[in-house]
Amino acid sequence: MTDKAPSSSLALSLSLLVGIFYLNFISRIALAPLLPIVETDLGLGHGEAGSLFFYVASGYATGLLTSGYITARIIHRRMIVLSAGMVGVAMIALSLSPSIRAIHAGLFLVGVFSGFYLPSGIAALTELFPKELWGRTLAIHELAPNLGFVAAPLISEALLHWFSWRGVLGVIGVSSALCGVVFWRFGQGGRFHGQVPNLSSYWSLLRRSSFWIMVILFSLAMGGSYGIYTMLPLYLTADQGMDRPFANTLIGLSRVSGLATSLVAGLATDRLGSRRTMAYVFLFTGLA
């Protein structure tokens, strides 16, 4: 830990950052367990329903690529608060959207403001904790998306007892905004500016074949994980005739094993090396 804050303050800051990242991730996947209801309510086909996630992904990529230009002007701490707060506002606006075009715009903004978080969140963590603790600190931080995969369908089903699908999105939005306020009041870290991205370094990176190989592999990995996850509730209910609460519960529980995946992957990489580990991961993923 650093000398800038007591251990209790560091633990609180880490918890708040994990909470913001958790709500950030849930905001991006919240439509997945709600998709059977959304499709029926809006009169969408399967293709149109699935395309909703394209807007989130496009916004997220935009947010990641532009975050450096913003943190060059505002400190990372303010960027974290801005991201959490504006994700909340975007989710609330999405819940009130009167048309499909407004929903597309709302999803894009959710993605953009979500993308603002990660670079600043990592910057805050690496400022707060010494280098020898980065591994375990970042591992704790990365629990957020894995927990999100498990919790999103379970939370959605629980909230649907009291709210419509729009209300569920609104509750998530309010939670994100409140978490941002709490971090602004009590959180630590990120009290410095980012750097404007060097465009020449982008060009140098884009010219490397190894970069594009990793892009393809990462895209396949995300397609096999995030992509299938987002469409699975709709597939199980519409094509397999499952009851929606059962389908969402099944999907949530199926992701519990993912909480240990990072640890297993780390151990496998240490023993087998990264190339062999990735080869086995893609082999068994493809077979599954």
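H1 and H8 are oblique to each other. The model is predicted.

**Exercise 1. Work out how H1 and H8 are oriented to each other, and describe their contact.**

Solution. 
- Step 1. Two packed helices are described by the angle between their axes and the distance between the axes.
- Step 2. Helix H1 covers residues 7-29, and helix H8 covers residues 143-159. The angle at which they pack is about 55°, and their axes lie 9 Å apart.
- Step 3. Roughly parallel needs an angle under 35 degrees, and roughly perpendicular runs from 65 to 115. The pair is therefore oblique.
- Step 4. The crossing of H1 past H8 is right-handed.
- Step 5. From H1, the contact uses Val18, Phe21, Tyr22, Phe25, Ile26 and Ile29. From H8, it uses Ala144, Pro145, Leu147, Gly148, Phe149, Ala151, Ala152 and Ile155.
- Step 6. Sorted by class, this contact holds 13 nonpolar residues, one polar and no charged.

**Exercise 2. Describe the make-up of the chain and judge how compact it is for 288 residues.**

Solution. 
- Step 1. Count the elements: 14 helices and zero strands.
- Step 2. Compare sizes. The radius of gyration is 19 Å, close to the 19 Å from the globule rule for 288 residues, so the chain is as compact as a globular protein of that length.
- Step 3. Take the extents. The C-alpha trace spans about 55 × 45 × 40 Å along its principal axes.
- Step 4. Check burial. Of the 288 residues, 42% count as buried.
- Step 5. Check contact range. Take contacts between residues at least 6 apart in sequence: 82% of them join residues at least 24 apart.

**Exercise 3. Decide whether Ser114 is buried or exposed, and list its contacts beyond four places in sequence.**

Solution. 
- Step 1. Set aside neighbours within four places in sequence. Ser114 then contacts Asn24, Arg28, Tyr60, Ser83 and Val87.

**Exercise 4. Locate Gly194 and find what it touches.**

Solution. 
- Step 1. Gly194 sits in the loop between helix H9 (165-186) and helix H10 (199-206).
- Step 2. At 17% relative accessibility, Gly194 counts as buried.
- Step 3. Leave out residues up to four places away in sequence. Gly194 touches Thr71, Ala72 and His76.
- Step 4. Look at Ala72. Gly194 and Ala72 are 122 residues apart along the chain, yet their C-alpha atoms are separated by 4.6 Å.

Technical notes: Residues are numbered from 1 along each chain as its sequence is written. This is a predicted model: local features need pLDDT of at least 70, side-chain atom pairs count only at pLDDT 80 or more; totals for chains, interfaces and linings use all residues. Side-chain values use heavy atoms; hydrogens and water are left out. Axes are lines fitted to C-alpha atoms, for helices over the stretch in contact, and angles run from 0 to 180 degrees between N-to-C directions. Helices (H or I, at least four residues) and strands (E, at least two) are DSSP runs, numbered from the N terminus. Angles under 35 degrees count as roughly parallel, over 145 as roughly antiparallel, 65 to 115 as roughly perpendicular and the rest as oblique. A crossing is left-handed if the near helix is turned anticlockwise from the far one by less than a right angle, and right-handed if clockwise. Contact means heavy atoms within 4.5 Å. Ala, Val, Leu, Ile, Met, Phe, Trp, Tyr, Cys and Pro count as nonpolar, Asp, Glu, Lys and Arg as charged, and the others, Gly among them, as polar. The radius of gyration is taken over C-alpha atoms; the globule rule is 2.2 Å times the number of residues to the power 0.38. Buried means under 20% relative accessible area, exposed over 50%, partly exposed in between (1.4 Å probe, protein chains only).
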